[in-house]
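Here are some notes for your review of this model. Please read them with the structure open beside you.

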Amino acid sequence: SSGINAEYGHCNIQGGLTSLGKTNELKQLINKYDLDILSLNETNLNESIDSCTLNFPSSYEFLRRDRAGSSRGGCGMLISKKCAYNEINMTTSIKNVEAIWIKVKTHNIYVCGFYRSNSYCSVDDFIDYMN
């Protein structure tokens, strides 16, 4: 979108980013709703998968947080290259938090994309992290 409006979306994709079908569905979602930012959880990526091999629109950047030592969980964020933002690095002592924070410069807001698996990060730990 353009001007002062911005469109944000979120999708639990339950993996499949290495398949053409799933990434084509995401492209359709972005186009249908003219999304500037699409947050994704359960990306199920790991360090062996290079982001540049994923079939995302070339007009978007992809930030990701993979679950350490696993190909489960994780989160990502597709951000239009027209959207001015800064990635915010949050330091925490809370373990097993999978989150991406950005500050959208033109709107002076913070956006967080996260994934919390009940078996990987307790509700109490996640609430402590968010506080």
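**Notes on the predicted model**

1. Start with His107. Its relative accessibility is 26%, so His107 counts as partly exposed, since that class lies between the 20% and 50% cut-offs. The model is a predicted one. His107 sits in the loop between β6 and β7. Leu38 is 69 residues away from His107 along the chain, and their C-alpha atoms are separated by 16 Å.

2. Look at the β5 and β6 pairing in detail. These strands run antiparallel and are joined by 4 bridges.

3. A parallel pair is found elsewhere in the chain. Strand β1 (residues 8-12) and strand β2 (residues 37-41) run parallel, joined by 5 bridges. Asn12 stands opposite Asn41 in β2. Helix α1, residues 20-33, takes part as well: β1, α1 and β2 make a right-handed β-α-β unit.

4. Two residues in this unit's loops deserve a check of their backbone angles. Most residues other than glycine have a negative phi. Gln14 is not a glycine, yet its phi is positive, about 50 degrees. Gln14 lies in the loop between β1 and α1. Its relative accessibility is 59%, so Gln14 counts as exposed, the cut-off being over 50%.

5. Asp34 is the other residue to check. Its phi is also a positive value, near 50 degrees, in a residue other than glycine. Asp34 is placed in the loop between α1 and β2. With a relative accessible area of 42%, Asp34 is partly exposed.

6. Which strand gives the most to the lining of the largest pocket? Strand β6 (residues 98-104) does, with 3 residues. The space in the largest pocket is about 150 Å³. The lining has 13 residues, and the closest to the pocket centre are Arg65, Met90, Val97, Ala99 and Tyr129. By class, 8 lining residues are nonpolar, 3 are polar and 2 are charged.

7. Last, the segment after α2. Helix α2 spans 123-130, and Asn131 is placed in the segment after α2. Is Asn131 buried or exposed? Its relative accessible area is 79%, so Asn131 is exposed. The C-alpha atoms of Asn131 and Asn86 are separated by 21 Å, and the two residues are 45 residues apart along the chain.

Notes:
Residues numbered from 1 in each chain as written. Predicted model: local features only at pLDDT ≥ 70, side-chain atom pairs only at ≥ 80, totals over all residues. Heavy atoms only, no water. 1 Å grid on protein atoms, 1.4 Å probe; cavity = no way out; pocket = protein on both sides within 12 Å on 5 of 7 lines; lining within 4 Å. Points joined across faces, edges and corners; volume = space filled by probe spheres on them. Nonpolar A, V, L, I, M, F, W, Y, C, P; charged D, E, K, R; others polar. Pairing = 2+ DSSP bridges. Right-handed = clockwise from strand over helix to strand, strands pointing away. Buried < 20%, exposed > 50% of the residue type's maximum accessible area, 1.4 Å probe, protein only.
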